[in-house]
Amino acid sequence: MSRIVPVAALLLLGACSTTAPKGRIGASTLPSQPERRAPAPERGEVGLASYYATSLEGRKTASGERYLRSGQTCAHRSHRFGTWLQVTSLTSGKSVRCRVNDRGPFVKGRIVDLSRSLAEEMGIVERGLDEVRVEVR
């Protein structure tokens with residue numbers, strides 16, 4: 001029994017004296033997992049909406065269509081091209097329907113880019129950005 005106590009004491013001391021690898025204080029030594037996004041809530045995604053710059057008029061979108069600021073189109077990162085979305089302003093309550101024909105926006109926190117005419121209809125142009133809910137319709 002007297003031999004077990006010193007071995008247990010050494011094990012405890014050894015566990016207390018280990019240090020984390022340099023630059024990773026308190027971090028696990030296991031390789032990090034890729035960040036996973038939470039699934040979209042049942043009532044749609046909530047985030048910021050922005051709109052296309054006027055200078056993009058006539059340029060091709062990711063779907064191959066040309067961007068028209070008078071169109072009812074938008075950019076979304078994951079919905080299929082041709083999917084109709086309802087975008088509702090959480091500020092004003094105004095809502096528009098738009099068809100996905102481009103990818104983006106690629107700015108953190110933004111979830112949809114609207115055509116200029118839709119942004120004007122929702123009052124986003126004056127504010128620049130607006131918090132919205134996006135739902136598939």
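Two strands are taken to pair if DSSP finds at least two bridges between them. The model is a predicted one, and in it Leu48 stands opposite Arg110 in β5. That position belongs to the pairing of β1 with β5, in which the two strands run parallel and are joined by four bridges.

**The barrel**

Six strands form a closed barrel in the order β1-β5-β2-β4-β3-β6, and the pairing within the barrel is mixed. From one strand to the next, the twist averages 45 degrees.

| Strands | Sense | Bridges | Opposite residues |
|---|---|---|---|
| β1 and β5 | parallel | four | Leu48 and Arg110 |
| β1 and β6 | antiparallel | five | Val46 and Arg133 |
| β2 and β5 | antiparallel | two | Cys74 and Leu114 |

**The nonpolar core**

The largest nonpolar core holds 17 residues, and the members that touch the most others are Val87, Val112, Leu114 and Val132. Two or more residues of this core come from each of β3 (84-89), β4 (95-102), β5 (110-114), α2 (116-122), α3 (124-127) and β6 (130-136).

Which residues are in contact with Val132, leaving aside its neighbours within four places in sequence? The contacts of Val132 include the run Glu45, Val46, Gly47, Leu48 and Ala49, the run Val87, Thr88, Ser89 and Leu90, and also Ile111, Val112 and Met122. Among these, Val87 and Val112 are named together with Val132 as core members that touch the most others.

**Aromatic rings**

A pair of aromatic rings is described by the distance of the centres and the angle of the planes. The count of such pairs here comes to one: Tyr52 and Tyr67 are stacked, at 4.4 Å centre to centre and with 25 degrees between the planes. Because Tyr52 and Tyr67 both lie in the loop between β1 (45-51) and β2 (73-75), the pair ties together parts that are 15 residues apart in sequence. Tyr52 is buried, with a relative accessible area of 7%, and Tyr67 is likewise buried, with a relative accessible area of 3%.

Another ring, that of Phe81, has Arg103 lying over its face, at 4.3 Å from the ring centre.

How values were computed: Residues are numbered from 1 along each chain as its sequence is written. This is a predicted model: local features need pLDDT of at least 70, side-chain atom pairs count only at pLDDT 80 or more; totals for chains, interfaces and linings use all residues. Side-chain values use heavy atoms; hydrogens and water are left out. A nonpolar core is a set of buried Ala, Val, Leu, Ile, Met, Phe, Trp, Tyr and Cys residues joined through side-chain atoms within 4.5 Å. Buried means under 20% relative accessible area, exposed over 50%, partly exposed in between (1.4 Å probe, protein chains only). Contact means heavy atoms within 4.5 Å. Rings of Phe, Tyr and Trp (its six-membered ring) pair if their centres lie within 6.5 Å; planes under 30 degrees apart count as stacked, over 60 as edge-to-face and the rest as tilted. A charge sits over a ring if NZ of Lys or CZ of Arg is within 6 Å of the ring centre and within 35 degrees of the ring normal. Axes are lines fitted to C-alpha atoms, for helices over the stretch in contact, and angles run from 0 to 180 degrees between N-to-C directions.
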